[in-house]
Amino acid sequence: MAKKNTESTIKSGEVGILDNPLRKNLHRLINTMLGNDFYPPRKDTFYNGLAYYVRERLIDRWLTAQRSYYHTKAKRVYYLSMEFLPGPFLKNYIINLHMEEECRKALEDSGFDLDQLAEEESDPGLGNGGLGRLASCYMDSLACLDIPSYGYGIRYDYGIFQQNIVNGHQVEICDNWLMNGNPWEIARRNFLYTVKFYGRSEQYTDDSGNIRRRWVDTDNVSAMACDTLIPGYGTNTVNNMRLWAAMSSKDFNLQFFNSGDYMRAMKAKVLTENISKVLYPSDEAEQGKELRLKQQYFFVAATFQDIMRRYKKKHTSFEDLPNLVAVQLNDTHPSISIAELMRILIDEETMDWDTAWGLCVKTFAYTNHTVLPEALETWPVSLFGRLLPRHLEIIYEINHRFLQEVEKRYPGNTDMLSRMSIIQEGSEKRVRMAHLAIVGSHSVNGVAALHTNILKTRLFRDFDLFFPGRFKNITNGITQRRWLLQANPGLSGLITSTVGPHWIRDLYELKKLIPRSDEKKFRALWRKVKLDNKKLLAHYILQKTGIEVNEHSMFDMQTKRIHEYKRQLLNLLHVITLYNRIKESTADNFVPRTVIFGGKAAPGYFMAKLTIKLINSVAAVVNADPDVKGKLKVVFLPNYCVSLAEKVVSAADLSEQISTAGLEASGTGNMKFALNGALTIGTLDGANIEIMEEVGEKNIFIFGLKVEEVEGLRNKGYDPYEYYRNDAELKKAVDMIGSGYFSPEKPDLFLPIKKALLDYGDMYFLMADYRDFVRCQEEVSRVYTDKEEWTRRSIMNTANMGKFSSDRAVMEYANNIWNVSKAE
């Protein structure tokens with residue numbers, strides 16, 4: 001609400017405007033772009049007015065950058081990702097453009113606060129989790145490092161889903177993030193590409209007598225470019241995230257409409273535009289599988305038409321393509337790109353196979369993000385051939401030629417041929433997209449040292465032997481501009497006042513904080529910032545959940561996608577154990593805790609959704625029990641997203657990174673929490689290992705089986721009952737879950753969880769890791785009671801996070817994979 005003392009000034013529209021150019025421009029844009037009056041002042045109109053003003057500033061820089069790229073013939077990076085998770089743009093842009101003070105003053109004069117105004121912006125529904133957030137961190141760093149680049153993906157109308165919690169259950173509702181428009185988007189309505197589906201491949205003879213193939217009788221869809229600009233911090237570079245929206249190439253049928261058959265009149269248009277409606281539509285039904293594959297090819301086909309258009313502006317030959325174009329495949333979703341580029345070069349540009357393949361391999365690089373077999377995409381050959389018949393032919397040819405090379409090097413080794421084939425044989429033949437990406441790229445990288453080692457020694461061992469040097473490691477990173485400067489203004493302000501501002505572009509500068517960890521006065525300032533952030537989060541929790549939490553308790557956080565391997569259930573077993581100890585009066589010197597969960601479960605993932613229900617059921621029992629008042633609270637934060645993550649990471653004391661060793665590729669949540677001074681409790685998995693190496697073993701809490709111990713136990717014959725029978729606290733916690741203690745209205749509700757732990761083999765080794773986890777948590781509590789020591793360790797975590805900047809990761813890609821330089 002606007003301040004009353006500014007009413008007369010705003011109403012006149014004259015006084016004080018001329019001496020504040022930004023405020024004058026705000027009023028102009030509210031008038032001209034929105035068709036509104038700036039009085040009475042409303043948050044939505046001033047938010048949009050400010051957004052359009054910031055966008056004007058961005059466009060000028062973007063145009064200058066684009067002209068420069070053409071003028072200098074710069075090599076460009078094209079980052080292809082099925083998802084981006086940028087978070088709200090307004091404050092990020094304002095900070096990167098160094099406009100914060102200017103904007104705050106102009107808004108204050110108009111009766112608004114920038115932070116309150118920023119709350120008007122919805123989180124863009126363009127991603128789901130770590131994959132999309134990593135892509136957005138890299139886009140920020142690419143701009144900050146002046147690397148000519150573009151992000152390509154899909155402009156989803158509804159994103160993944162909005163998560164509501166109803167009676168403890170996750171309920172998915174439509175994420176209508178575009179309901180109030182999107183002032184950051186530049187829709188290129190006159191900039192459309194045709195994307196083909198179905199049809200058939202036919203042979204023909206060209207004018208030179210060469211036998212060729214072409215894709216005919218297709219159904220066509222139009223792809224419209226929607227641009228969002230990405231500015232670098234402390235630089236004039238502005239890059240572009242270009243997302244594709246599906247547009248029907250067929251208007252609605254007027255004949256059906258006039259006859260009153262309104263549904264049939266719109267059917268073709270609706271079915272076509274479904275392609276960009278929702279991120280990751282359910283693939284349980286055949287139509288869902290087809291839609292997912294359509295989405296992947298849709299954005300790849302549009303992207304490569306765009307890349308080729310840009311390249312052909314200045315070049316008539318393709319011999320320089322890999323010298324001017326670097327394409328990074330962010331996981332397997334865009335790996336159909338390899339077949340698409342081959343189709344363009346062979347069918348449309350009439351290039352011979354060997355030349356085209358050589359260019360193709362030099363152009364592509366592939367990042368793998370998982371070791372979970374179910375996450376390595378494969379598609380039924382029958383579906384692939386129906387939807388993309390020409391691409392299936394090309395993939396078969398790629399596979400044929402590749403397996404000939406394998407046979408030459410390893411004659412008679414049919415097992416190796418079967419393991420390495422792009423086509424998986426069996427009752428239903430399938431296309432292995434990860435294999436296609438490996439064979440068709442000059443570089444394949446994992447995202448943490450452990451993950452890359454698993455790829456090379458286990459998952460893709462044959463490929464690593466066949467392509468020596470192709471597999472590399474580039475550990476993930478996060479942008480400190482979003483995850484410290486913006487998310488934690490209190491801490492970033494303290495850091496800047498202590499060591500200067502250079503850390504914003506060089507995170508290794510934080511090492512200058514190390515000697516400060518020994519200063520009592522500085523530690524007190526550090527604690528005050530953390531307490532202030534915890535108070536803000538406590539207020540948010542009360543508003544959103546009605547749960548009142550003690551800001552002086554330990555804030556113990558596990559906020560991430562809900563999945564069995566991430567082991568939210570192990571955390572919950574510890575919570576139940578704490579609860580039992582309090583009830584039994586065996587918890588001496590109990591350290592008060594607020595255990596906070598957050599994250600979404602895939603709509604079709606039964607066990608993940610049941611885990612959410614169990615968390616909420618345990619919370620209901622614990623939080624209502626007068627015996628534990630002031631000692632233990634459990635909270636589930638609904639609809640976890642980037643804007644909520646910013647509130648959470650700045651307030652955390654303890655970061656739970658407790659996945660089964662060997663299953664988390666890297667993780668970036670662990671980095672965000674540690675950067676903001678949270679101490680990590682975790683397994684030796686993903687990037688936890690490298691965090692331990694950087695911050696020091698004393699400043700992190702490590703527990704659990706190592707990768708080789710997990711494998712050894714599995715090979716020996718793992719019996720979860722052995723741990724259940726021999727650990728009374730574990731047995732009691734599991735029995736409480738299975739017997740209905742937390743669901744008296746439906747006693748067998750959580751029985752599937754107990755069965756998964758005992759009868760179905762405990763796939764993720766919770767029972768084996770439980771006791772060491774509890775021991776480690778006891779050490780956490782002991783250290784937390786020593787506020788000075790805890791604060792010293794907190795400072796050491798932040799101070800040693802330089803390696804985990806996305807700037808470092810992007811420079812490693814630029815130097816070791818893309819061979820690209822900064823823009824001149």
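1. Helix α21 spans residues 489–499. In this predicted model, its buried residues are Leu491, Ser492, Leu494, Ile495 and Val499. These residues lie on the same side of α21, because they cover an arc of only 160° around the axis. Pro489 and Ser497 are exposed and sit on the face turned away from that buried side.

2. What do the buried residues of α21 pack against? Four helices: α20 (480–486), α22 (520–545), α26 (669–675) and α33 (787–799). After α21 comes glycine 500. The phi of glycine 500 is positive, near 90°.

3. Next, the sheet. Six strands form an open sheet in the order β19-β18-β17-β20-β21-β22. The pairing is parallel. The edges are β19 (632–637) and β22 (701–702). Each has a single partner strand, so one side of each is left without a neighbour in the sheet.

4. Look at one pair within this sheet. Strand β20 covers residues 654–657 and strand β21 covers residues 679–682. The two run parallel and are joined by four bridges. Which residue of β21 is the bridge partner of serine 655? It is threonine 680. As background, strands of a sheet pair through backbone hydrogen bonds.

5. On cysteines, the whole structure was searched and zero disulfides were found. The cut-off is a pair of cysteine sulfur atoms within 2.5 Å. Cysteine 144 counts as buried, because its relative accessibility is 1%.

6. Cysteine 174 is a second case. The closest cysteine sulfur to its own is in cysteine 641, 15 Å away, so the pair is too far apart for a bond. Is cysteine 174 buried or partly exposed? Partly exposed, because its relative accessibility is 47%.

7. Finally, the nonpolar core. The largest one has 280 residues. Leu50, Val54, Phe197, Phe298, Phe384 and Trp818 have the most contacts inside it. In general, nonpolar side chains tend to be buried together in soluble globular proteins.

8. Leaving out residues up to four places away in sequence, tryptophan 818 touches Lys75, Val77, Leu142, Ala326, Gln328, Val810 and Tyr813.

Terms used. Residues numbered from 1 in each chain as written. Predicted model: local features only at pLDDT ≥ 70, side-chain atom pairs only at ≥ 80, totals over all residues. Heavy atoms only, no water. Buried < 20%, exposed > 50% of the residue type's maximum accessible area, 1.4 Å probe, protein only. Arc of directions from axis to C-beta. Contact = heavy atoms within 4.5 Å. Pairing = 2+ DSSP bridges. Core = buried A, V, L, I, M, F, W, Y, C linked by side-chain atoms within 4.5 Å.
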